[in-house]
Each structure stands twice: as structure tokens, then as C-alpha cells.
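Me: I am new to this structure and would like to understand the words used to describe it. Could you take me through them, one value at a time?

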Amino acid sequence: MSNETITENPEELRRDIDLLNLLEALLFVAPGAVPPAQFASALDLPVQEVENGLKILEAQFSTRGVRLQWHLGRVQLTTAPETAQLVE
């Protein structure tokens with residue numbers, strides 16, 4: 001994919017990027033916990049599809065240095081508890 005394609009047709013780019021990558025990027029820049037419905041609205045996708053993607057990311061992150069934290073129907077990216085001493 002050329003830079004010309006990226007600049008001229010962002011909708012095509014969005015479709016070409018995997019849902020998990022989009023969710024990961026949105027979680028990374030979110031200022032705090034976000035309801036899945038907000039991600040669904042931003043991505044123009046059904047909430048269930050976004051929730052399924054978030055569950056997959058949660059499983060993938062379970063052995064890495066970041067985690068998905070759920071609270072009151074919202075989700076955010078956090079550091080893994082076992083890294084607390086290093087990142088505080």
C-alpha cells in the first residue's frame with residue numbers, strides 16, 4: 001500500500017487494518033476507561049463485534065506487560081500487576 005493510497009482514501013485504510021490493531025491503538029490513546037459502545041461508534045461496528053475483539057485482546061495481553069482492565073462496563077489499557085514495582 002503506498003502513501004498515496006493512505007492519504008487519498010482513509011476509508012480503505014481503515015478497512016485494511018485489522019480490528020484488533022485498531023482497538024489496541026484506540027486503547028493506547030484513550031485518556032481513561034471507555035465503554036465498548038464508544039469504540040463501536042468510532043469504528044462504525046456493532047458493539048458485540050467490538051466486545052469480541054476486546055476479549056481476544058484481553059487474552060493476548062494476559063501474558064504480556066499490559067492488561068485490559070474492565071470496570072463498570074468500561075475498559076482501559078493498564079500495566080500488568082507484576083510489573084508494578086518497576087513502573088511506579
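Reply: Happy to! Helices (H or I, at least four residues) and strands (E, at least two) are DSSP runs, numbered from the N terminus, and two strands pair if DSSP finds at least two bridges between them. This is a predicted model, where local features need pLDDT of at least 70, side-chain atom pairs count only at pLDDT 80 or more, and totals for chains, interfaces and linings use all residues. Residues are numbered from 1 along each chain as its sequence is written, and side-chain values use heavy atoms, leaving out hydrogens and water.

Me: How do you know that β1 and β2 pair?

Reply: Count the bridges: six of them join β1 (residues 66-71) to β2 (residues 74-79), and at least two are needed. The strands run antiparallel. With two residues between them, β1 and β2 form a hairpin.

Me: What makes L72, in the loop between β1 and β2, stand out?

Reply: L72 has a positive phi of about 50° although it is not a glycine. L72 is also called exposed, because its relative accessibility is 76% and exposed means over 50%, with buried under 20% and partly exposed in between (1.4 Å probe, protein chains only).

Me: Which residue just after α4 takes a positive phi?

Reply: That is D44, with a phi of about 55°, and D44 is not a glycine either. D44 sits in the loop between α4 (36-43) and α5 (47-61).

Me: Why are the buried residues of α3 said to line one face?

Reply: In α3 (residues 19-29), the buried residues are L19, L20, L22, L23 and L27. Viewed down the axis of α3, they fall within an arc of 160°, so they line one face of the helix; the arc is that of the directions from the helix axis to the C-beta atoms. F28 and V29 are exposed on the other side of α3.

Me: What about α4: which of its residues are buried?

Reply: P36, F39, A40 and L43 are. Their arc down the axis of α4 is within 100°, so these buried residues also line one face. On the other side of α4, S41 and A42 are exposed.

Me: What is called the largest nonpolar core, and how many residues does it have?

Reply: A nonpolar core is a set of buried Ala, Val, Leu, Ile, Met, Phe, Trp, Tyr and Cys residues joined through side-chain atoms within 4.5 Å. The largest one here has 15 residues, of which L23, L27, F39, L54, L57 and L68 touch the most other members. α3, α4 and α5 each give two or more residues to this core, and α3 supplies the largest share, five residues.
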